[in-house]
Amino acid sequence: MARSSFLVYNRSVEIAFYSRAKGPCSMYETAEFLLMIASFFLISIMFIFVYRFRKQRGIRWLLGLMACRLVYVCSVILEKSVPTLAEKLFFRNVYQTAVNMMVPFIILFVLEWVFRDRPLRMRWKMALLTAFVLWSVQMWLPADWNLIYHTVEQADGYLLITRTGYSLAFSMLCFMLIAGCIYLLAQYIRNSDNELRKPGLWVLALASILFVLEILKFVSPQWASWLLPMTVYCSFSGSLMLIIVLRYKLFSLVPLARNFALDTIQESIVIANSAGRIIDANKQASLWFSRLGMAELTGKRLAEVLWQWPDWHALCGNMQQGSVSAEVWLDGERRVYQVNVYPIRAMGQEKQGSLSLLIDRTEHQRHLEQIADLNQLKDQLITIVSHDIRGPLALQYQLVELLEEERARFSPEHQEILAQLGSQIRNTLSMSTNVLEWFRSQREEMGLRPMSLNVADIMEECLHLLRIHAETKQVRLTHTVVDGLWVYADREAIGLIIRNLLSNAIKFTEPGGLVQLDAGLTEEGNVLISVRDNGIGIDPERLRMLLEDQQLRTAMGTAGEKGAGLGLFVTRLFIERSGGSFRAESRKGEGSVFQFTMKGGQRLERDSG
C-alpha cells in the first residue's frame, strides 16, 4: 500500500502501562493508582481557583486547558481500569483528543496574555480550534479512514499502537508551536516588573515539565512505560505553581489591581491599538457608550465609535498626545467632556496604541458660563456707572476751568474755594478716567489700535488739558520735542500715559516748581518720552514698590491732593501692552524723572506737505 511508507510501527511507543508484575495488583500499581487519583483532585482544586479569575484576559483559554488536563488524567485512569480492547481504545482516544486540544488552548492563552494590544480576531480563533478538532476526529474514524493509527492491538491487558507518519509530523508541529509559546512567555516575563519576574519564571518552568516529558516520550518510546504516569503526576508541580501564584498574587496583582483601578476611577477610559481597534475599556466607558447606543466596545474600529468627534478620532489614529472637547446629549441634557489622549509605548519602543481619558466638565462649564454672564453684567454696570460719573465730572471740570480763567475777579476767599474745588474735581475726574481705562484693559476683547501719530500734537493736547491745573498750583510747564517725530501707538493710550505722568509731576511739585516734558529718539529708533520735575522726589524703597508692586499705593501731594494710586499702575499697564519699556529715577528732595519708550512711527503722506 502507498500509505505504508508513512507508517511507523513501534509497539513500545504508545503502550499505556506495561506490566511490572504479573498476577495480582502489586503495591507499586496501587500506589500509582492512588497518586493518579490525587493528581486528579489537585487539578480540580486548581481549576476552581483559576475559575475565580475567568473574566481576566486569556484566563478562559487557561480554563479550557485545565479542563482538557482533567479529561486526560481521568481517561488514563479509566483506560487502566477497563479490560476489553474496545473500552481501552475508547479512553485512549478520549485522552489523546484532550492532549490535542491542549495545544490551541495554550496558543490562544499566550496570544491574549502577551499581545494585549493586538487581539486575535474571532474567526482566526475559531479556525485554529476547528483545525485541531478535525484532526482529533481522525482517530475516531474506522481504520480505512484513520490517518493517526495504523494498527491497534492488546497484549497482556495493554494497548500497542502503531502511528502513521502523518501523526508523527503533527506531533512535531505541536511541539514547535508550544516551544514558541514558551519563548513568548519567557520574553514577556523577562520584560515585566522586577518583583514579578522571578516567580513568573518559576511558574513557567514548572508548567514546562509536562512539555519536556511529552518530548521524551516522543524521542525515546522505550521509556513510555514510566513516563506516562509521570505526565499525570505533573499535577503536583501544578500545585507548586498554585502556591507561587498565591504567594506572589500574580493574578490579583496584575489583572485584578488593574481592573479594580480602572473600574474605580469615575472617568471613562478607552484603550485602542495601533491598528485603530478598541482593545479595552473600563466599566464607566462601557456604560457611557452604551447610553449612546453602543453596547459593545471591544474589537470595534475607532472610526465606528468616534465618528461624531473627528478631532478625538484624529488624535487616537495618530497616537498623539492632546486634549479635545466632546459634547453629547444624554437623557435630554447637554454634557461637555474633556478628552485627554495619551500614546501608549511598550517597553520604550514605538507607539503601540492610545489611551483616552474622558473627564466630565459639564458642571465646570456651567460655572464658567455663569461667571462669564456675571462678568458681562459687571462690565455693563461698570461701563454705565463710569460714563455716568465721568460725564457730569467733565462738565464740572469745564465750568471750573472757565471760573479759574476769571479768578482775578474773585475775592481771595473765593479764589481759595475755587482752587480747592478745581483740585477735587480734577482728582475725581482723573481717578474715574483711570478706573475706566484700567477696566477696559482687563477685558479680553479690548485691543489697542496703534497708528502713526505726531508726537508734538499729542504733547500739545496733554499740556493744554493740564495748563490751568498747573497755573492754579503755580507750576511751570515746558516741553521740547524733536522736529518731525512720529510714534506708532494707540492715541488714547499714549495720551493717558502722558497725562498721568504730568499730573503726578504737578501733584508732587511745590508752587514755583518746574515740570519738563521732552521727546526724542533712542539709538534703536524708538521714541523716548520723559517727564522731569524738581519736586519733593521719592525715596528709593517707595520708588521700588511703585515700580514692582501690584498693590495700589497712594500719597498726598504737596498741596494736600489725594488720589487712588491708579495712575502709575494704569500707566505701566498700557506701556507694556504697547510693547514699550518704563523706567524711573528719583531722589528724595531732588525731583523725579519718569521715562517710557514706544515704537517709532512713519510720517503720514497727508502731513508731508
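This is a predicted model: local features need pLDDT of at least 70, side-chain atom pairs count only at pLDDT 80 or more; totals for chains, interfaces and linings use all residues.
Figure 1. Gln-516 sits in strand S12, which spans residues 514-521. Its side chain makes a polar contact of 2.7 Å with the side chain of Asp-518. Beyond its neighbours within four places in sequence, Gln-516 touches Thr-478, His-479 and Thr-480, and also Ser-530, Val-531 and Arg-532.

**Figure 2. The mixed five-strand sheet that contains S12.** The sheet is open, its pairing is mixed, and its strands follow the order S10-S12-S13-S15-S14. S10 and strand S14 (581-587) form the edges, each pairing on one side only. On average, neighbouring strands of this sheet are turned by 10° against each other, direction ignored. S10 and S12 run parallel and are joined by six bridges. Val-481 faces Ala-519 of S12. Helix H15 lies across S10, S12 and strand S13 (527-533). The angle between H15 and S10 is about 175°.

**Figure 3. Strand S13 and its two antiparallel partners.** Five of the seven residues of S13 are buried, so the strand is mostly covered. S13 pairs with S12 in the antiparallel sense over seven bridges. Leu-521 has Val-527 of S13 as its bridge partner. The hairpin of S12 and S13 has five residues between the strands, and there Gly-525 takes a positive phi near 90°. S13 is also joined to strand S15 (residues 591-598), again by seven bridges and in antiparallel fashion.

**Figure 4. Gln-474, in the loop between H15 and S10.** The loop that holds Gln-474 runs between helix H15 (455-473) and strand S10 (476-481). Phi of Gln-474 is positive, at about 65°, although the residue is not a glycine. Most residues other than glycine have a negative phi. Is Gln-474 buried or exposed? Gln-474 is exposed because its relative accessible area is 56%, and the class begins over 50%.

**Figure 5. Met-319, in the loop between H12 and S6.** Met-319 is found in the loop between helix H12 (310-318) and strand S6 (322-330). Its phi is near 55°, a positive value in a residue other than glycine. Met-319 counts as buried because its relative accessibility is 14%, which is under 20%.

**Figure 6. The antiparallel five-strand sheet that contains S6.** This open sheet has the strand order S5-S4-S8-S7-S6, with antiparallel pairing. Its edge strands are strand S5 (278-281) and S6, and each of them pairs on one side only. Neighbouring strands in this sheet are turned by 25° against each other on average, direction ignored. Strand S4 (residues 268-273) is paired with S5 over three bridges in the antiparallel sense. Within S5, Ala-281 is the bridge partner of Val-270. Helix H10 (residues 283-291) lies across S4, S5, S6, strand S7 (333-345) and strand S8 (351-360). H10 runs at about 90° to S4.

**Figure 7. Two of the segments annotated as transmembrane.** An unreviewed UniProt entry carries the annotation "transmembrane region" for several segments, including residues 33-51 and 127-148. Others in that record are 58-78, 98-115, 168-189, 201-220 and 226-248. Over residues 33-51 the chain of the model is 100% helix and 0% strand. The end C-alpha atoms of residues 33-51 are 27 Å apart. Over residues 127-148 the chain is 55% helix and 0% strand. In residues 127-148, the end C-alpha atoms lie 21 Å apart.

**Figure 8. The protein as a whole, for placing the close-ups.** The protein has 18 helices and 15 strands. Of its 609 residues, 42% count as buried. Among contacts between residues at least 6 apart in sequence, 65% join residues at least 24 apart. The accessible surface comes to about 33,300 Å², and 60% of this surface belongs to carbon and sulfur atoms.

How values were computed
Residues are numbered from 1 along each chain as its sequence is written. Side-chain values use heavy atoms; hydrogens and water are left out. Helices (H or I, at least four residues) and strands (E, at least two) are DSSP runs, numbered from the N terminus. Buried means under 20% relative accessible area, exposed over 50%, partly exposed in between (1.4 Å probe, protein chains only). Contact means heavy atoms within 4.5 Å. Accessible areas come from the Shrake-Rupley method with a 1.4 Å probe; for residues, only the protein chains shown count as cover. UniProt positions are given in the numbering used here, feature names are shortened, and annotations may be inferred rather than shown by experiment. Two strands pair if DSSP finds at least two bridges between them. Axes are lines fitted to C-alpha atoms, for helices over the stretch in contact, and angles run from 0 to 180 degrees between N-to-C directions. A polar contact is a pair of N or O atoms within 3.5 Å; within protein, one must be able to donate a hydrogen and the other to accept it, and residues adjacent in sequence count only if both atoms are side-chain atoms.
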